[in-house]
Amino acid sequence: MGLALGGGGARGLAHIPFLELLDDMEVRPHRIAGTSIGAVFGTLYAAGRNGREIRQLMTGLVGDGREESRFDGDRFRWLEYIDLALGDGGLLDTADFLEFLHDALGRDAFRELEIPTRVVATDLWRREAVVFESGPLLPAIKASIALPGIFQPVLLDGRVLVDGGLVNPVPWNLLTDCDVVVALDVIGDRSREDGEVPGVLESVFLSFQAAQDALVEERLRLAPPDLYIKPPIRDIRVLDFHRAGEIYDQAKPALEELRWGLKRLLG
């Protein structure tokens with residue numbers, strides 16, 4: 001089985017309950033492909049971390065968003081891992097987060113992963129996907145999560161690389177060498193009111209989300225995966241990591257869809 005984990009910022013926390021379900025069902029992917037936050041959780045899983053361990057890691061980093069009394073504590077602990085980087089091609093720098101991720105992975109290179117994994121980034125100037133499946137892990141992940149305007153682009157081998165979601169939001173097409181392909185789409189949706197005008201950053205994020213949705217819809221029309229799951233994640237902004245508990249709750253309705261889909265496909 002091949003597992004594709006899509007991008008979506010904080011909405012990507014929804015991947016964690018699905019990974020926990022795979023563990024409960026004793027279903028082990030043979031290959032993983034990930035974009036952006038999907039690349040983060042995909043490589044953690046491929047490195048041998050199970051779903052429960054990944055949840056614990058993220059709870060330690062961002063809290064679970066359920067206790068209002070922790071507003072000034074763990075609820076915003078993730079901000080300690082992102083520094084301002086004004087003037088360097090983005091608002092935020094991910095160096096400290098990547099150090100945290102390196103410690104959590106316990107791996108330095110793709111060849112050290114227990115499950116072969118592909119990570120997607122975007123070549124900004126050539127307007128094409130760049131797929132990593134060998135070499136060092138952290139530069140590939142850093143490029144894959146580099147949301148334009150928010151995180152710094154990554155200069156690697158003469159290329160300027162940004163978030164893979166620009167060209168391949170849910171990379172199931174990278175798993176054609178698998179008998180069964182499961183894709184998890186966490187792009188999410190937003191409620192809206194007639195006449196509502198979003199702010200500047202929100203306009204950027206919503207535009208990015210609209211482009212991703214269009215890409216996914218076209219690829220679903222042309223060559224869908226064997227099982228496509230899109231949990232009903234709604235009204236979660238890209239940096240709302242402190243709302244982890246809400247995101248997990250919103251993912252729950254789609255868990256049974258994944259369970260029965262896997263039983264149907266895998267027997």
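Biologist: What share of the contacts with a separation of 6 or more comes from residues 24 or more positions apart?
Modeller: In this predicted model, such residues account for 73% of those contacts in the protein chain.

Biologist: How many helices and strands are there in the protein chain?
Modeller: The chain has eight helices and 11 strands.

Biologist: And what percentage of the residues is buried?
Modeller: Buried residues make up 53% of the 267 in the chain. The accessible surface comes to about 12,400 Å², and carbon and sulfur atoms hold 51% of that surface.

Biologist: Sheet next. Which strand does S10 join to by four bridges?
Modeller: That is S1, residues 2-5, and the two strands run parallel. Leu-3 stands opposite Val-182 of S10, and Ala-4 stands opposite Ala-183 of S10.

Biologist: What about S10 and S11, parallel or antiparallel?
Modeller: Parallel, over three bridges, with S11 covering residues 227-229. Val-182 has Leu-227 as its bridge partner in S11.

Biologist: Which way do the S10 residues point?
Modeller: Val-181 and Ala-183 point one way from S10 (residues 181-184), while Val-182 and Leu-184 point the other way. All of these are buried.

Biologist: And in S1, are the residues buried or exposed?
Modeller: Gly-2, Leu-3, Ala-4 and Leu-5 are all buried. Gly-2 and Ala-4 point one way from S1, with Leu-3 and Leu-5 pointing the other way.

Biologist: Where does S2 come in?
Modeller: S2, residues 31-35, is joined to S1 by four bridges and runs parallel to S1. Arg-31 in S2 is the bridge partner of Gly-2. There is also a right-handed β-α-β unit, made by S1, helix H1 (residues 15-25) and S2.

Biologist: Changing topic. Which members of the largest nonpolar core touch the most other members?
Modeller: Leu-3, Leu-13, Val-40, Phe-41, Leu-44, Met-58 and Val-182, out of 63 residues in that core. Helix H2 (residues 37-46) gives the largest share of this core, seven residues. A second, separate core has 13 residues, including Trp-172, Cys-178, Val-181 and Leu-220.

Biologist: What is Met-58 in contact with, leaving aside neighbours within four places in sequence?
Modeller: Met-58 is in contact with Leu-13, Ile-16, Phe-41, Gly-63 and Tyr-248.

Biologist: Now H4. Which residues there are buried?
Modeller: In H4, residues 95-105, the buried ones include Phe-97, Leu-98, Phe-100, Leu-101, Ala-104 and Leu-105.

Biologist: Why do the buried residues of H4 line one face of the helix?
Modeller: Looking down the axis of H4, its buried residues fall within an arc of 155 degrees, so they line one face. As background, an α-helix has 3.6 residues a turn, so residues three or four places apart point the same way.

Biologist: What sits on the face of H4 turned away from its buried side?
Modeller: That face carries Glu-99 and Asp-103, which are exposed.

Biologist: And what covers the buried residues of H4?
Modeller: The cover includes H2, H3 (51-62) and H5 (137-144).

Methods. Residues are numbered from 1 along each chain as its sequence is written. This is a predicted model: local features need pLDDT of at least 70, side-chain atom pairs count only at pLDDT 80 or more; totals for chains, interfaces and linings use all residues. Side-chain values use heavy atoms; hydrogens and water are left out. Buried means under 20% relative accessible area, exposed over 50%, partly exposed in between (1.4 Å probe, protein chains only). Contact means heavy atoms within 4.5 Å. Accessible areas come from the Shrake-Rupley method with a 1.4 Å probe; for residues, only the protein chains shown count as cover. Two strands pair if DSSP finds at least two bridges between them. A crossover is right-handed if, with the strands pointing away from the viewer, the path from the first strand over the helix to the second runs clockwise. A nonpolar core is a set of buried Ala, Val, Leu, Ile, Met, Phe, Trp, Tyr and Cys residues joined through side-chain atoms within 4.5 Å. The arc is that of the directions from the helix axis to the C-beta atoms.
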